[in-house]
Structures are given as C-alpha cells and as structure tokens.
Amino acid sequence: MNFDLIYMFKLIPAILGYLPITLLISGASIIAATLIGLLLAVMLRGGKFLQAVARLYISFFRGTPVLVQLLIIYFGLPQLFPILNSVGPVYAVIAGLSFNTAAYLAEIFRAGIDSVDRGQIEAALASGLSMPVACWRILLPQVCRNAVPATGNMYIGLIKNSSLAFTLGVTELLSAGKLEATSSLKFFEAYTAVALVYWGLTFLLSLLQRQLEIHLGKPYQH
C-alpha cells in the first residue's frame, strides 16, 4: 500500500487556510436556518393557510436533494429574476443550506413545543405572568432542552453539507483538498486530510452540544 502519511499531515495546514470560508458558510447558515425554522414552527401552529404554506415548504426542501436546491438557487432563479445575477456563490450556498436545514428544524422545534404541557402555560398566565414572559421563562427553556440533541445533529449535518459549496465554484475545505489532489495525484492522502479536518470540526461541535445538554438538564436533575 502506497500511502504518504507525512504528505497527508503536511497538507492539513494548507487546507486549514480555507477554514474561515467554511466557518462563514456554516455559521451564517446555522443562524438563518434557526430563524427560518422557528418561523415555520410557529406557522405550523397557526391557521390553516399558514400551516399549508409551511407544510408545502417543508415537503419541497425535505423531498429534494440539497445539491439540486443549490443549483436551482444559483443557476435557475437568476433566469427568472435577473437581479439575482449579482448574487455571489457564497451567498447562494448560504441561502440553499439555510432553506434546506430550516425545513428539518421546523419539525424539531414544533415537536419541542408540543412536548411541553399546555397546562404549564395556562398556570403561568393564571398566576399573573404575561404571555411573552410565560413563553420566555416556562416554555423556551423546556423547548430548548428537548430540541438540543436533534438540533445539534442538524447543525453537524449542515457543516458537512457546506462541502457542496465547491460545486458552485467556492474554494473551501473540500475544494482546497481537490486542488491539492489534482496537482500531486495523491488523492487518497488529500481527501483523507480533508476528512480529518471535517471530523475535527464536527467533533468539537459534538462536545459543545453535549455540554449544552448537561447545562440545560441541570434544573431537572434530582
């Protein structure tokens, strides 16, 4: 077996030079997806029209491949709306990953809300708390505790899906590895180095998720 271990480890610092763009795409997409997911979760508990719109959105973005969605956003939509020709590939990737992940987060957040006994909110209102205060102090902590495990998994999946940015010409971690592999013809070493970097990122996020779960679970420990 001809595997250049030293070359692989030498590649990692070069690949890490493209880490900021991956973090930018992932971080921005996580924030946007969370906000859109929360909006959709609220719509799912609204009137029939809002529910229908939310379910149609969720059905489309969960039922089609992420790569197809990215291609539609970057190459397809500008044909219908020429103003979008000025949108760069990084923003198109962020939009695509945000829209896709939000469809999954919406169901997670909805399930988190439904898991809280409505009687708790009614009791809080009866005690004199306003609805915003009751939601902030009673509903939100329990929703977060119930939703964190699945939400964390979605964030990890989003970070991995950020590698699809190279299909739109964005030079990020995977693209950097591909360039190195093409120039050296050491494909196994280059792509293994990329895999190790992604593994490190997701491992750190998993640790943060675990610490957050422990923190949110402390009030419920006996």
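In which helix does Leu5 lie? I began my notes with this residue, keeping in mind that the model is predicted, and I found Leu5 in helix H1.

The elements that give two or more residues to the nonpolar patch are H1 and H9, and H9 gives the most, with five residues.

**Entry on Gln209.** I stayed with helix H9, where Gln209 is also found. Is Gln209 buried or exposed? I noted a relative accessibility of 13% for Gln209, which therefore counts as buried, since the limit is under 20%. A polar atom of the Gln209 side chain lies 3.2 Å from the backbone oxygen of Pro149. Leaving aside residues up to four places away in sequence, I listed Val148, Pro149, Gly152, Asn153 and Ile156 as the residues that Gln209 touches.

**Entry on the core.** Last, I looked up the largest nonpolar core, which has 51 residues, and Tyr57 is among those with the most contacts inside it, as are Ile15, Ile25, Leu40, Val93, Val170 and Leu173. Helices H1 and H9 are among the elements that give two or more residues to this core, while H5 gives the most, with eleven residues. For Tyr57 I wrote down contacts with Ile36, Leu40, Phe99, Ala102 and Ala103, again not counting residues up to four places away in sequence.

Definitions and conventions
Residues are numbered from 1 along each chain as its sequence is written. This is a predicted model: local features need pLDDT of at least 70, side-chain atom pairs count only at pLDDT 80 or more; totals for chains, interfaces and linings use all residues. Side-chain values use heavy atoms; hydrogens and water are left out. A nonpolar core is a set of buried Ala, Val, Leu, Ile, Met, Phe, Trp, Tyr and Cys residues joined through side-chain atoms within 4.5 Å. Buried means under 20% relative accessible area, exposed over 50%, partly exposed in between (1.4 Å probe, protein chains only). Helices (H or I, at least four residues) and strands (E, at least two) are DSSP runs, numbered from the N terminus. Contact means heavy atoms within 4.5 Å. A polar contact is a pair of N or O atoms within 3.5 Å; within protein, one must be able to donate a hydrogen and the other to accept it, and residues adjacent in sequence count only if both atoms are side-chain atoms.
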